[in-house]
Amino acid sequence: MAVKKSSGEPEELKATAWQGMELESATSPTAPRAADSYFEEVFTRLYGKMSFEEKLRLIWLSSTLFFIIGGYWLLRSLKDPVIATICGVEYIPKAKMLSVLVVTVLVFVYNKLIDMFPKHQLFYIVGGFYATLFTIIAVALALPATSSLSIYNTEPSPYRLLGWVSYCSIESFGSIGVSLFWAFTNSTYNLEGAKKAYGLMVACAQLGSIAGPTIVTAGTIRYGVPTIYFCGALCMVFMVVSIWGYNARFGAPESEKAEAEAAASGGKKKAKAGMTEGLVLFWKYHYVKGIFALSCLFMVEVTILDYSMKVLAKGKFDGEHPGDPTAATQAFATFMGVFGQAANGLSFVFSLLGTSMVIRRLGLNKTLLLFPTLCLGAICCVYTTPTLEMVFLAMLLLKGFSYCLNNPCKEILYQPTSSSVKFKAKSWIDVFGARGSKALGSVVTNQFADSAADLLTYGSFVAMGVSSFLIYVAYWQGAQFDALIESGVKVGEEPVYAPPEGDDDTSCGMDDDKGGDGAGDKKTVIAV
């Protein structure tokens, strides 16, 4: 009895003590933990489950992309004003044509550097070169007005070479810098990691595209063009420092380590095609051509709709302000500013909140089909309702979702490719694909430039055809991607495959032999 009495009293005390502990824990440490767990739940829902190391890697690479895009858009905002002041506004079209030649030469050099240096060191070379070049240009622009190099010398002349150098330098960095980042990132992430991370990276890129022009708008009048130009050079320095810190923390990508180990062990090296290897790979593999189509051909539609929107907008504002071209121009500029804000805003919000979730939930195949299908729907709406408001909405859809939906998907398509495809073939696609597609779109707009009605009618037919073709390419590309991932084959690497005796099949198919003697195994045909 004494034992039972003594045991009942501690039970009450024990219950009271537990209640006190629950109250105490509810008032202090659990509250922040609840907030942390809520944030983690939202983050996981949007981007998938990530470890601390994965999050740190994502933040580091996103900051690198922020500096690349932010620096490019800052300098891009200064590109036309600088050459217009130094050489004359009438020389901008010639500078654009010259930049194509300059970029072509630099891409050849870039492809040669890929063979000579480890991939992460390319950032040091490219970043160091452009940081030095932009710094020299900024210093030259700040010289006294008596110098022919100075931005304060307001007598334009085509013989003032600094304007041409500035224009071509900015154009080439925009092509090579972004391509290098995504090639490096594609060699760093596996498929699942890419699905989680690329949406947030694109969101950081959109922040950079907003921050760069904002610095120009807010600081040019107060600090001057040379100072803001130098800020673009500093972005190159920050890019180099960021990738150096990343490499020190995480090391080189696994693919780069494997190449280095193979070279150190005296293994057989793949014969290299030198500076033209990217073009050879593009011509050889249909899979790489498919990436080109999905990356660039939609720009034909964008060019047609963009010109149509500007023609309709100019006509509308000229009609609203008859006899007052200044007011019409101001209204036109305001309209284009609103469009830019809306497109960048849509892209940023969706890439931040929706891109990773959509790719993970729908899968890459359906997401690839989604963008050209949306484009086709938008073009059909423009054809049936050819108004400025409808063209504005269609352009908003194409521009916004090309950044936040199509771009991450086309980068993921590089996962089952070799290092040469990721770096060399990609550089040619990124540099000349969009330029060529814009040129094709310009052929259409030039043909029907005299009539807005004909432009919208026949331009819509062309755009519908392009969208329909891209839907087919997206379906085929998705099937090829799945087959490559399943088989472990990398496009651009010749697989070691010995067909069974008596098998006279000479096609490009590959046996997906996963064990045993292979009897009854299903053959996966990969038409790369």
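**A predicted helical protein: surface, helices and contacts**

The accessible surface of the protein comes to about 26,100 Å² (Shrake-Rupley method, 1.4 Å probe), and 66% of that surface belongs to carbon and sulfur atoms. The model is predicted, with local features needing pLDDT of at least 70 and side-chain atom pairs pLDDT 80 or more, while totals for chains, interfaces and linings use all residues. Residues are numbered from 1 along each chain as its sequence is written, and side-chain values use heavy atoms, with hydrogens and water left out.

Biologist: How many helices and strands does the secondary structure of the protein come to?
Modeller: Elements are DSSP runs numbered from the N terminus, where a helix (H or I) needs at least four residues and a strand (E) at least two. On that basis the protein comes to 18 helices and 2 strands.

Biologist: How many of the residues of helix 6 are buried?
Modeller: Helix 6 covers residues 161-188 and reaches 40 Å from its first C-alpha to its last, close to the 40 Å expected at 1.5 Å a residue, the expected span being 1.5 Å times one less than the number of residues. Buried means under 20% relative accessible area, exposed over 50% and partly exposed in between, with a 1.4 Å probe and protein chains only. Helix 6 is mostly covered, and the number of its 28 residues that are buried is 25.

Biologist: Which residue joins its side chain to that of E411 in a polar contact of 2.9 Å?
Modeller: E411 lies in helix 16, residues 388-412, and it counts as buried because its relative accessibility is 2%. Leaving aside neighbours within four places in sequence, its contacts (heavy atoms within 4.5 Å) include W182, N186 and Y198. A polar contact is a pair of N or O atoms within 3.5 Å; within protein, one must be able to donate a hydrogen and the other to accept it, and residues adjacent in sequence count only if both atoms are side-chain atoms. The partner of E411 at 2.9 Å is K426.

Biologist: Is V241 buried or partly exposed?
Modeller: V241 lies in helix 8, residues 225-250. Its relative accessibility is 49%, so V241 counts as partly exposed.

Biologist: How far apart in space are V300 and V462, C-alpha to C-alpha?
Modeller: V300 is in helix 12, residues 298-320, and counts as buried because its relative accessibility is 5%. Beyond its neighbours within four places in sequence, V300 is in contact with S437, L440, G441 and V466. Although V300 and V462 are 162 residues apart in sequence, their C-alpha to C-alpha separation is 8.7 Å.
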